[in-house]
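Please walk me through this structure.

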Amino acid sequence: MGKRNNIVISSSDDEDYEPSSRLTRSYQKPKSTSSLTRTNPSRAKKPRLPGFRLTKQSSNVDEMRLAFRDFDEVLNGFKVSAGSRRSNPKELWVDKHKPSSLEELAVNKKKVEEVKSWFEERLMTPKDEVGRSSVLILSGQAGVGKSATVHLIASKIGAQLCEWNTPTPTIWQEHVHNSSAGMKYTSKLDEFENFVERVRKYGLISSSLNGNSKSSIILVIDDLPVTNGRSAFERLQRCLVLLVRSTRVPTAILVTDYGNADSSDLTARWLEELQLTLESAGASKVAFNPITNNSIKKTLSRICRQELCNVAAEEIDLIARASGGDIRHAITSLQLFCLKPNVELDLSSSNSTPSCPKENANVLNEFSGGFSSQYGRDETLTLFHALGKFLHNKRDTENVVALDQNAFRVGEKFSRLPFKMDSPEKILCQAHGQSRPITDFLHENVLDFVSDEAMDDAWAVASYLGDADLLLATSRRTLNRHSEIENVLQSAAASVAVRGVLYGNFHPSPSRWHAIRKPKLWQIEQSSSHNQNEMLRQRFMEDGGSSSLSEVSVIATEYRPVLKWVGYRKARDVETHESEDESVKRMSIDEEESEISDDDDIEDW
Amino acid sequence: MLWVDKYRPKTLAQVIVHEDIAQNLTKLVTEQDCPHLLFYGPSGSGKKTLIMALLRQIFGPSAEKVKVENRNWKIDAGSRTIDLELTTLASTNHVELSPSDVGFQDRYIVQEIIKEMAKNRPIDTKGKKGFKVLVLNEVDKLSREAQHSLRRTMEKYSASCRLILCCNSSSKVTEAIRSRCLNIRINAPSAEQIVKVLEFVGKKEGLQLPSGFAARIAEKSNRNLRRAILSFETCRVQQYPFTSNQAIPPMDWEEYISEIATDIMKEQSPKRLFQVRGKVYELLINCIPPEIVLKRLLHELLKKLDAELKHEICHWAAYYEHRMRLGQKAIFHIEAFVAKFMSIYKAFLIATFG
Amino acid sequence: MIIEPLASRCAKFRFKPLSDEIMSSRILHICDQEGLNLDSEALSTLSSISQGDLRRAITYLQGAARLFGSSISSKDLLSVSGVIPVEVVEALYAACKSGNFDLANKEVNNVIAEGYPVSQMLSQLFDVVVEADDVPDEQKARICKSLAEADKRLVDGADEYLQLLDVASNTMRALCNMPQEFSFET
């Protein structure tokens, strides 16, 4: 393990410490098997509830819990908690097999070089050269090696690393305790702002114990504080922009991308906006791609050798593929897999794989959902698989089994041939499909799969999707996010959408090659809300002489089209709208002579 | 400046179209203490104009000196603090805002603003005007909770704060609020009244109007005065001197919807439905409200349909618009309506022509 | 609904809606005190629009006085109360009876343009339909069902024009004996 001089600046909310940032130190002696901790080990971390992060409207919470219970069983006493870094003989392989040198990094070599040379450049240049920002944004999905890269580069070029970790949020009991002890509540955002201010003004003081007061320092901001609400987000944005513009210390900001999220996911949108803003303020950016399967496989094999585990090559391949480019996930999966060696890989392909070719970046996972559900990470892989089944709607035309006498008989026009797949709910479960994205995907694509003559089918499908939308809207409205009711509504909506598509599409178009598209709706919603914000911002300007606010709908339907024709530009200063003369006579069309004493300029035509 | 704004009456005395209401309002505020008011009526009928003129009547010219403020409100709601952002327009004596802009948390805004206004009560100079006025727009879009909290706050702070509410349809305002306000219905001007205003504007601008021209514009505006004046101005930009049969340009989105209607009548198939979807997306990107899209589409279709189909189609339009309100994504329901229409029309064509 | 055990432990005082004479006399007393002038037509209008609710009647009276001054006509009271003039309701009803869709559409547009609240219109239409002598019960039932649905949808926030048009269409089809099922329903 490489020598690391870590100065960790983190905010603590322990009873022992004051709730303000302070420098703590942790020294690591070079040792191969000691556990590396990146935060102050003496801090008592409160373990999170197991499975806390998992109950996100997933309909297969039970399966997950099962998987983790196995984990717990085998490593008793070891809680899967974020941030818990107890020195433990049975530790996570993710930590144990951390890359110790740049060569061991699974990240693309060119990317590593890019980042490394950026830092070297920044450290070489004399401090007072202005015009180039010292901030680098590293973005990429979770587990792709951003943090590891920066740490290793720092140690390689001999710079000292100062790190900000977003601390655990204050739990209510703590807050109550703190406030009774007279300490005011500071939000994590406040603490972050304080920290950034201090860095800006005073730079970073290197540790004197090191003896090397002139050594170069790199600042790493790993994970930004969570912002709740637009104004908090803007505070964060402002504070970061300030940092970008004024800091002299080479800084890396690590940002986790959320990938192709639904536009209604505010966090994802804000992060994107943040990145754009920082870039336009002058920060540089390097995007980390998901780690290639081969790199993951190499790393997994290496760990297997070191841990003396016997894992077959195909199995390593499967794990690598299911991880979706997230090497941290792959290693954890490997660890779990190795601990339960008698887990059967459920490779049964009872479902005939449809002839959906791999046509886009998201490679279709051809293996049964059973395996992926335990080790799979990227839901969209199996999502496309599931969608393909639903859209193609293959039915059993041969082997029509004689109807069971007790079976409920439906009218002729309501009956359908039996499915050539598992029950839709099961497939949904395996695909970890969330109702909203599934409905949107179906909506986007289903018309391609309906035969061109079957207008009634198109209506049926549209109608069922509308029903699903209604169910989802109801569940969105309930603010209580953890209620059982909401889960039921979500599942019901997904079922309605899927079965509606399967049922409604009575005359599927003859199988042709169709790409499954991402819902265009998401992008439309984004553009539309952006335009709406623009209009809201402009709405007083549009009115010009009037001293009142207009509705957005009026602006969109009346003012905007007319302004396009008339081509006006509003140069009016809204704040100093002068009042009219007091002596205004009554306006009457009969009086030819009536004049308005008007301060306004009347343009000449 | 657009003619709509240039010739907007600034005082109650200058109001042409709703003279009687203006007179009554003048009497109301001069003789007595001003109660809470609710102005309701269709779009473009003159509600805002009257409200602004009324404010001027109460407070004098200072009511027109307004400042835009983009405020962030930090509201303490018990266990958590809520951050909201809202644009307000304020003069020394009044504040105007649209609380429905913040979405489903609108009730906090309403409470906060009124509380704040109540705290800063202006000094009673003329012995009568010791109150501020709060103008709330689009109250029919307020959630039910917001309306309830508005009612409570209205009662509590009515001494220092008067409310003027503005909305398109009073059905959506709860009974409790309606009974606490003086309800003033502002009907859409008749075609003749619109013609009068257009002729007035034309005269002020020194334009020659061929006979019947103003009447045509008035008719096309569908009794929406703002629309009529805007149309008038676009005609002026297009071509002057006017000719009596000069084309009056429609709004671009209306034309677009008319094209969609033609498309739908020409071909009924899933493929066509998909194309229609793309066109509707265009409209949605430009923030045309979905219910207006649906209504206008219905309007265009009704023009081209036989009588027996009209009933059926308007039934489905009402059905799907309602579901659109309850749902999340408007496009699903607009599309379902179009699909239903296509399905019905196709069946009709087959039945009629074989 | 009060549960029986509770009700049985209480003495009950029943308040019936006030009769017209009591209301009128009280109203006239107030007019006297406030210096208002109310003609007899206005007085009877006031009784009918307040529906036995004295507080409502006084509120309407005060509103009318504020807006229209001390001389109050029947029309003033109607406009303050938000009640839709009978002619307007009749016009819509007649259009429905005629069987001419475009005519009904025109009337509906007129109602919206005048700014009358549609929920109020539905309520007044309901009264007209229920009291109509020449309409068989089956048709009345159809119409009332449509009114109820529309009312519910309005509460949900649906668009007023479309719902009123739907009601007008259903009313027309009921009154003109058109079949309830649509011809091209799949």
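Is N293(A) buried, partly exposed or exposed? N293(A) counts as partly exposed because its relative accessible area is 31%; buried means under 20% relative accessible area, exposed over 50%, and partly exposed in between, with a 1.4 Å probe and protein chains only. This is a predicted model, in which local features need pLDDT of at least 70 and side-chain atom pairs count only at pLDDT 80 or more, while totals for chains, interfaces and linings use all residues; side-chain values use heavy atoms, with hydrogens and water left out. Residues are numbered from 1 along each chain as its sequence is written, and chains are lettered from A and ligands numbered from 1 in the order in which they are written.

N293(A) belongs to helix α9 of chain A, residues 293–307. Helices (H or I, at least four residues) and strands (E, at least two) are DSSP runs, numbered from the N terminus. Leaving aside residues up to four places away in sequence, N293(A) touches A320(A) and R321(A); contact means heavy atoms within 4.5 Å. Between the C-alpha atoms of N293(A) and A322(A) there are 9.5 Å, and the two residues are 29 apart along the chain.

Chain A contains 19 helices and 7 strands, and 47% of its 605 residues count as buried. Its accessible surface is about 31900 Å², with 51% belonging to carbon and sulfur atoms; such areas come from the Shrake-Rupley method with a 1.4 Å probe, and for residues only the protein chains shown count as cover. Of the contacts in chain A between residues at least 6 apart in sequence, 75% join residues at least 24 apart. Chain B has 14 helices and 7 strands. In chain B, 61% of the 354 residues are buried, and the accessible surface is about 13300 Å², of which carbon and sulfur atoms hold 49%. For chain B, 71% of the contacts between residues at least 6 apart in sequence join residues at least 24 apart.

Strand β4 of chain A, residues 160–165, pairs with β5(A) in the parallel sense over 6 bridges; two strands pair if DSSP finds at least two bridges between them. In this pairing C162(A) stands opposite L219(A). Strand β6 of chain A, residues 251–256, also runs parallel to β5(A) and is joined to it by 4 bridges, with D222(A) opposite L254(A).

In the loop between β4 and α5 (172–180) of chain A lies I171(A). Its relative accessibility is 40%, so I171(A) is partly exposed. Together with W172(A) and V176(A), I171(A) forms a nonpolar surface patch with about 320 Å² of accessible area. Patches are made of residues with over 30% relative accessible area and no salt bridge, where like charges are joined within 9 Å and nonpolar side chains (Val, Leu, Ile, Met, Phe, Trp, Tyr) within 5 Å. A salt bridge is a side-chain nitrogen of Lys or Arg within 4 Å of a carboxyl oxygen of Asp or Glu.

Which residues of chain A does R323(B) touch? Not counting residues up to four places away in sequence, R323(B) touches G466(A), D467(A) and L470(A), as well as H333(B) in its own chain. R323(B) sits in helix α13 of chain B, residues 307–326, and counts as buried because its relative accessibility is 11%. Its side chain also makes a polar contact of 2.8 Å with the side chain of Y319(B). A polar contact is a pair of N or O atoms within 3.5 Å; within protein, one must be able to donate a hydrogen and the other to accept it, and residues adjacent in sequence count only if both atoms are side-chain atoms.

Some backbone details of chain B remain. Most residues other than glycine have a negative phi, and most peptide bonds are trans. R223(B), however, has a positive phi near 60°, and lies in the loop between α8 (213–220) and α9. C287(B) also has a positive phi, about 60°, and is found in the loop between α11 (270–285) and α12 (290–304). R223(B) is partly exposed at 21% relative accessibility, whereas C287(B) is buried at 9%. Y240(B) and P241(B) are joined by a cis peptide bond with omega about 10°, and P241(B) is in the loop between α9 (225–238) and α10 (252–266) of chain B.
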